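Good morning, colleagues. Please take a moment with the sequence and the model on the screen, and then I shall begin with the charged pairs.

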Amino acid sequence: MGIVSPGFTGRRRSGPELPPGQYLTEDFPVLSAGPTPQIRPEHWEFTVTTETGEVHRWDWQAFTGLPQEQTVQDLHCVTRWSKLGTSWQGVSLDVLLEDVESAADYALVQCYGGYTTNLPVEDLLDGQAWIAHKFDGEDLAPEHGGPARLLVPHLYLWKSAKWVRGIVLSDTDEPGFWETVGYHEYGDPWREQRYAGD
Amino acid sequence: MAGTALRGRLTWRVATVSAVREETQTARTLVLDVPDWPGHLAGQHVDVRLTAPDGYRAMRSYSIASAWPSSPAGGAKVDLTVEQVPDGEVSPYLGQVIGVGDPLEIRGPVGGWFVWRPEQPGPIQLIGGGSGMVPLMAILRAAELAGRQPDVRLLYSVRRPESVLYAGELARSKSEIAFAYTREGPAGERIGRIDAEVLARSAWSPDVGATVYVCGPTPFVETVADLLVAAGHDPAQVRTERFGPSGGGR
């Protein structure tokens, strides 16, 4: 139970239903823990490492040669902004994991710059996740994760790791960057899983 | 205390505004009494929740400006400094409506990256733009309480002298503080944004190995962080916190 804030009326915003505690933004805020890594596509590569240590590798040419998908998604950041109807192009994780022999339950996503985040493998499959490299029809800007970022729109945006360089599959769950400093293990916006214990 | 504040479930607490300090024409500090506050690390933030009589709610995050404990004697207050955002929903309430004696729901502390711990060794470089000064002030205060003034440098970018938050306290500080005035400044002061030359003159040089904290509007943080990396600072030692719109396109 909460309290009523004396004198607060608020500014109700009509429109589509948002997850609890979120407000709508038209802008595209940038949140990053450190300087923006400047990664040239020709130096970029993406790897999937299985629980047995087998490594699958794509350079930029191989990656952009994979079947592409366009997708329109709503984004929800744990800092409470939501941005609706964003347009992306990328490669579905279903495509990237198609030939990967693995029975692992957990994925640790690794990025240029050292950022990591963890999530269950099943949240990467079945059309729920992409490695995206275009936003609104243009190359993804560095501050938004360019040349390529993970996009997992059904979880809070910190799971959609920017400057992605690889995914390590594992039988054990290892917390990532924000997950080790108090943020929620899973991060479902509709269940408002912001912080550890929510 | 502060270390364990990161663990366990965060609960909403009803704080009481015990004092209000006007910082500038557009910013003020709410001094909060918080029952059973677990303590916090300098640089952490809290969520603030406002509830209208009909149950409508709005929530936002605010950086904590005070160190913990907030004095050598062990005082116990949580300060939030609120810069009013034109057309905002929550900041006008915190900046104009709420007053001494009013309740305010907060939840926290939150965040374990953009923080400074007293046991952390080495020099500290703080670089703030506008209201990005707020979490840096908590770090400055904590470092000074720990007797670490020789380690601390602050470079603070503001539009004009009247925009400086905590002006009186900064003027009395024994830490090394430099200002970059972007619109107007005292007579004889350079006017302009932080660039490589300003950094070289006012900030710790990269070979010192300082932990660098940069907080401000997104374009400011992008620019300063890029300058730091170009100057030779280790990107892993540069911690950033950005707010506001991304500026120039997407």
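By salt bridge I shall mean a side-chain nitrogen of Lys or Arg within 4 Å of a carboxyl oxygen of Asp or Glu. The model before you is predicted. With that criterion, the side chains of Glu192(A) and Arg194(A) form a salt bridge, at 3.0 Å from N to O. Glu192(A) is partly exposed, because its relative accessible area is 23%. Arg194(A), in contrast, is buried, since its relative accessibility is 0%.

Over all chains, the search of the whole structure returns 21 salt bridges. Arg21(B) pairs with Glu23(B), and their closest N and O atoms are 3.9 Å apart. Arg21(B) is partly exposed, at a relative accessible area of 35%. Glu23(B) has a relative accessibility of 19% and therefore counts as buried, the cut-off being under 20%.

The other example joins Lys77(B) to Asp33(B), with 2.6 Å between N and O. What does this pair tie together? Lys77(B) belongs to the loop between β4 and β5 of chain B, and Asp33(B) to strand β2 of chain B, so the bridge links parts that are 44 residues apart in sequence. Both residues are partly exposed: Lys77(B) has 28% relative accessibility, and Asp33(B) has a relative accessible area of 33%. Elsewhere, salt bridges with shared partners connect Arg80(A), Glu192(A), Arg194(A) and Asp47(B) in one network.

I stay with the loop between β4 and β5 of chain B, where Ser66(B) is also found. Is Ser66(B) buried or exposed? With a relative accessibility of 3%, Ser66(B) counts as buried. Its side chain reaches two backbone atoms: the oxygen of Lys77(B) at 3.3 Å, and the nitrogen of Asp79(B) at 2.9 Å. Setting aside neighbours within four places in sequence, the residues in contact with Ser66(B) are His40(B), Lys77(B), Val78(B), Asp79(B), Ala138(B) and Arg141(B).

Two of those contacts, Ala138(B) and Arg141(B), are among the buried residues of helix α2(B). This helix of chain B runs over residues 133-145 and has 13 residues. From first C-alpha to last, α2(B) reaches 18 Å, close to the 18 Å expected at 1.5 Å a residue. The helix is mostly covered, with 11 of its 13 residues buried. Among them are Met133(B), Pro135(B), Leu136(B) and Ile139(B). Following α2(B) comes Gly147(B), whose phi is positive, near 75°.

How many residues separate Ala27(B) and Met133(B) in sequence? They are 106 residues apart in sequence, and 12 Å apart in space, C-alpha to C-alpha. Ala27(B) counts as buried because its relative accessibility is 2%. Leaving aside neighbours within four places in sequence, Ala27(B) is in contact with Glu22(B), Val82(B), Glu83(B) and Leu165(B).

The next element is helix α5 of chain B, residues 218-231, with 14 residues. α5(B) reaches 20 Å from its first C-alpha to its last, close to the 20 Å expected at 1.5 Å a residue. Its buried residues are Thr218(B), Phe220(B), Val221(B), Glu222(B), Val224(B), Ala225(B) and Leu228(B). What covers these buried residues of α5(B)? The cover includes β7, β8, α4, β10 and β11 of chain B. After α5(B) comes Gly232(B), with a positive phi near 110°.

I close with the interface, where 47 residues of chain B are in contact with 45 residues of chain A. The area buried between the two chains is about 3800 Å², and carbon and sulfur atoms give 51% of that area. Between chain B and chain A there are two salt bridges. Arg107(B) and Asp198(A) meet in a salt bridge through their side chains, at 2.2 Å from N to O. Across the interface of chain B and chain A, 13 residue pairs are in polar contact. On the side of chain B that touches chain A, at least two residues each come from β3, β4, α1, β6, α5 and β11 of chain B. By class, that side of chain B has 20 nonpolar, 10 polar and 17 charged residues.

Thank you; I am glad to take questions.

Definitions and conventions
Residues numbered from 1 in each chain as written. Chains lettered and ligands numbered in written order. Predicted model: local features only at pLDDT ≥ 70, side-chain atom pairs only at ≥ 80, totals over all residues. Heavy atoms only, no water. Helix = DSSP H or I, 4+ residues; strand = E, 2+ residues; numbered from the N terminus. Expected span 1.5 Å × (residues − 1). Buried < 20%, exposed > 50% of the residue type's maximum accessible area, 1.4 Å probe, protein only. Contact = heavy atoms within 4.5 Å. Buried area = accessible area lost by both parts, 1.4 Å probe. Polar contact = N/O pair within 3.5 Å; in protein donor to acceptor, adjacent residues only side chain to side chain. Nonpolar A, V, L, I, M, F, W, Y, C, P; charged D, E, K, R; others polar.
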